[in-house]
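Please read the numbered points with the sequence and the model in view.

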Amino acid sequence: MIFVTVGSRNYPFDRLFKKIDELYDEGVITDRMFAQTGTSTYVPRNYEYKDFISQEEFLEKINEADIVVSHGASGSIMKALNAGKKVIAVTRLEKYGEHINDHQIQNNEAFGSNHYVLAADPELGDLGECFCKIAEGTDGLITWENKDPMAIVNMIDRFIEENW
C-alpha cells in the first residue's frame, strides 16, 4: 500500500494529486493507495483519500504502507523513516501557491543526498521513475537509523551550508 501525506496547513497540493492520477492512468502505479489531501481541491479518481486524518490514523497508514509519499516536511518524513518505510519526498513550491517559500527543496535535497529518501524533481517530472525505482529495487535507499535526536537537524544544516 502507498500512503500519501501533505500535512494539514492551509496550502493545497493539487499538482501532486493530479500527477498521481496520471501515473495510475498510465499504469505506472497499480498498488492500492490512500492519500491525505489536506486543503487540496482536486478530487482523486484512482485512489482513496480523506482531507484530514487523526494522528492515530496517520500512524496506522504509515505502518500499513510499503511506500510513503510525503511533502517536504521533516516531521512527516521522519515518522515514515522511523517506521522503516521507503519514502518519496515531493516538494511544495511557492510559485504554485503550495507554500510560503521553497524551503522544502532544501529539506528534500538533504534527505535525498544522504540516500534516505527519493527526492522527486520539484516539478514532479520524475515521480513515476521514483515509483519504478522502488518497484525494481534500484532505489539505492539507505535505511534510516535514529541514533542521535539531533541527527536530522544537523544533516539539513550541513547540507544547506555546503550547497547554498
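1. In helix α4, the buried residues are Q104, I105, Q106, N107, N108, A110, F111 and G112. The helix spans residues 103–113 and is mostly covered, since eight of its eleven residues are buried. The model is a predicted one, and the remarks below should be read accordingly. Just after α4, H115 adopts a positive phi of about 65 degrees.

2. The packing of two further helices deserves attention. Helix α2 covers residues 55–64 and helix α3 covers residues 74–82; their axes lie 9 Å apart and form an angle of about 50 degrees. An angle between 35 and 65 degrees is neither roughly parallel nor roughly perpendicular, and α2 and α3 are therefore oblique to each other. Their crossing is right-handed.

3. Which residues of α2 and α3 meet? On the α2 side they are Q55, F58, L59 and I62, and on the α3 side S76, K79 and A80.

4. How many disulfides does a search of the whole structure find? The search finds zero. A disulfide is a covalent bond between the sulfur atoms of two cysteines. For C130, the closest cysteine sulfur belongs to C132 and lies 9.3 Å away, which is too far for a bond; the cut-off applied is 2.5 Å. C132 is likewise in no disulfide, the sulfur of C130 being the nearest cysteine sulfur to its own, at 9.3 Å.

5. C132, at 31% relative accessibility, counts as partly exposed.

6. N10 is located in the loop between β1 (2–5) and α1 (14–25). Its relative accessible area is 63%, so N10 is exposed, the threshold for that class being over 50%. N10 and S40 are 30 residues apart along the chain, and their C-alpha atoms are separated by 8.7 Å.

Key
Residues numbered from 1 in each chain as written. Predicted model: local features only at pLDDT ≥ 70, side-chain atom pairs only at ≥ 80, totals over all residues. Heavy atoms only, no water. Axes fitted to C-alpha atoms, helices over the stretch in contact; angles between N-to-C directions. Helix = DSSP H or I, 4+ residues; strand = E, 2+ residues; numbered from the N terminus. Parallel < 35°, antiparallel > 145°, perpendicular 65-115°, else oblique. Left-handed = near helix turned anticlockwise from the far one by under 90°. Contact = heavy atoms within 4.5 Å. Buried < 20%, exposed > 50% of the residue type's maximum accessible area, 1.4 Å probe, protein only.
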